[in-house]
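Student: I have a model open and want to go through it with you. Can we start with the overall layout?

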Amino acid sequence: MTDYTPIQQQYPAPQAAPPRNGLGTAGFVLGLVGLVFSPIPFVGVVAWPLVVLGLILSAVGVARVRAGKATNKGLAIAGVVVSVLGLVVSVLWVVVIGKAISDVNDQATRKHTIVYSVTGDAKTADIDYSTFEQSTSVHSETGAAVPWTKTVEATGIYVGAFTATTGEDGGTVTCKVVVDGKEVKTATASGEYAVASCTGF
C-alpha cells in the first residue's frame, strides 16, 4: 500500500492594497497650489477658488477615510491644512487691499483748509501761492502789505507752492503754511529781493 503525502500548495501572501484617496489627493494638490498663489498680489485672486475647492475635496477625502471607503488619511488631512492656510492668507490680502483702497478714497475726497501768512519788518512783499479751485494754479499779489494772510481750500491730494519776495527796500519776511490747523512749512529771508520759500508742502 502506497502512502500519499498531500501536497500543500503555496500561495503568495496577498499584497497590501495601495493607498487610494483620489479626492483627498486632489484636495491636497489644489490647496497647495492655492497656498502658493495666495500671497501674490492680484494673482492671488486665482487662489480663492483653488483653496475653497481644495478644502471641500480634502474634507470629503477625510470623511471617506473615516467611513472606510478610502485610505491615505494623512494626505487628505494635509490637504485640509494647506487649504485653510491658503484661505487665511487670501482673506488677509482682501482686508489689506480693501483698507488701502479705502484710505486712498478718503484722501482723494478729504477737504483741507490751507492758511498762508507772511510776517516780518518788510513793508511790502510780492507773494505767489497755490490755489486749488479747479486745478492747482499759482496766484500772485504784487506789493502786498505785510503782514498778509490768505485762506484757501483744497480737496484730495495736493502739492502747493508759496513764496514771499522782498522789494528794493529790503527787510525781513517770513512765510508760513498751516494745513488743517497744523504748521507744515515756514521760512525766513532778509535783504533786497530776498525770497522766503515755503514751496513743497
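Tutor: From the N terminus on, the elements of the protein chain run α-α-α-β-β-β-β-β-β-β-β. That comes to three helices and eight strands, where helices (H or I, at least four residues) and strands (E, at least two) are DSSP runs numbered from the N terminus. This is a predicted model, in which local features need pLDDT of at least 70, side-chain atom pairs count only at pLDDT 80 or more, and totals for chains, interfaces and linings use all residues. Residues are numbered from 1 along each chain as its sequence is written, and side-chain values use heavy atoms, with hydrogens and water left out.

Student: What is the average pLDDT of the protein chain?

Tutor: The average is 86, and 88% of the residues score at least 70. pLDDT is the predictor's confidence in each residue, from 0 to 100.

Student: In which elements is confidence lowest and highest?

Tutor: It is lowest in α3, at a mean of 87, and highest in strand β6 (residues 172-179), at 96. Where pLDDT is low, the predicted coordinates should not be read in detail.

Student: On to the sheet. Which strands form it, and in what order?

Tutor: Four strands form an open sheet in the order β3-β2-β5-β8, with antiparallel pairing. The edge strands are β3 and β8 (195-197), each of which pairs on one side only. Two strands pair if DSSP finds at least two bridges between them.

Student: How many bridges join β2 and β3?

Tutor: Seven, between β2 (residues 124-131) and β3 (residues 137-145), in the antiparallel sense. A125 has A144 in β3 as its bridge partner, and S130 stands opposite V138 in β3.

Student: And how many join β2 to β5?

Tutor: Five, again antiparallel, with β5 spanning residues 162-166. D126 is partnered by T165 in β5, and Y129 by F162 in β5. Towards β8, β5 makes three antiparallel bridges; A164 stands opposite A196 there.

Student: Is β5 largely enclosed or open?

Tutor: Five of the five residues of β5 are buried, so the strand is largely enclosed by the rest of the structure. Buried means under 20% relative accessible area, exposed over 50%, and partly exposed in between (1.4 Å probe, protein chains only). F162, A164 and T166 point one way and T163 and T165 the other, all of them buried. In a regular strand the side chains alternate between the two faces of the sheet.

Student: What share of the protein chain's residues is buried?

Tutor: 30% of the 201 residues.

Student: Now the surface. Which residues make the nonpolar patch?

Tutor: L23, W48, V52, I56, V60, V91, V94 and V95, over about 610 Å². α2 (47-66) and α3 (73-109) are the elements that give two or more residues to the patch. The largest share, four residues, comes from α2. Patches are made of residues with over 30% relative accessible area and no salt bridge, joining like charges within 9 Å and nonpolar side chains (Val, Leu, Ile, Met, Phe, Trp, Tyr) within 5 Å. A salt bridge is a side-chain nitrogen of Lys or Arg within 4 Å of a carboxyl oxygen of Asp or Glu. Areas come from the Shrake-Rupley method with a 1.4 Å probe, and for residues only the protein chains shown count as cover.

Student: Where does V52 lie, and what is its relative accessibility?

Tutor: V52 lies in helix α2 and counts as partly exposed, at 37%.

Student: Backbone geometry next. Which residues does the cis peptide bond join?

Tutor: V146 and P147, with omega about 5 degrees. P147 is in the loop between β3 and β4 (148-155).

Student: What about phi for N72 and Y193?

Tutor: N72 has a positive phi of about 60 degrees although it is not a glycine. N72 is in the loop between α2 and α3 and is partly exposed at 31%. Y193 has a positive phi near 50 degrees; Y193 sits in the loop between β7 and β8 and is exposed at 52%. Most residues other than glycine have a negative phi, and most peptide bonds are trans.

Student: Last one: where is G181?

Tutor: In the loop between β6 and β7 (182-190). G181 is exposed, with a relative accessible area of 73%. The C-alpha atoms of G181 and I114 are separated by 8.3 Å, with the two residues 67 apart along the chain.
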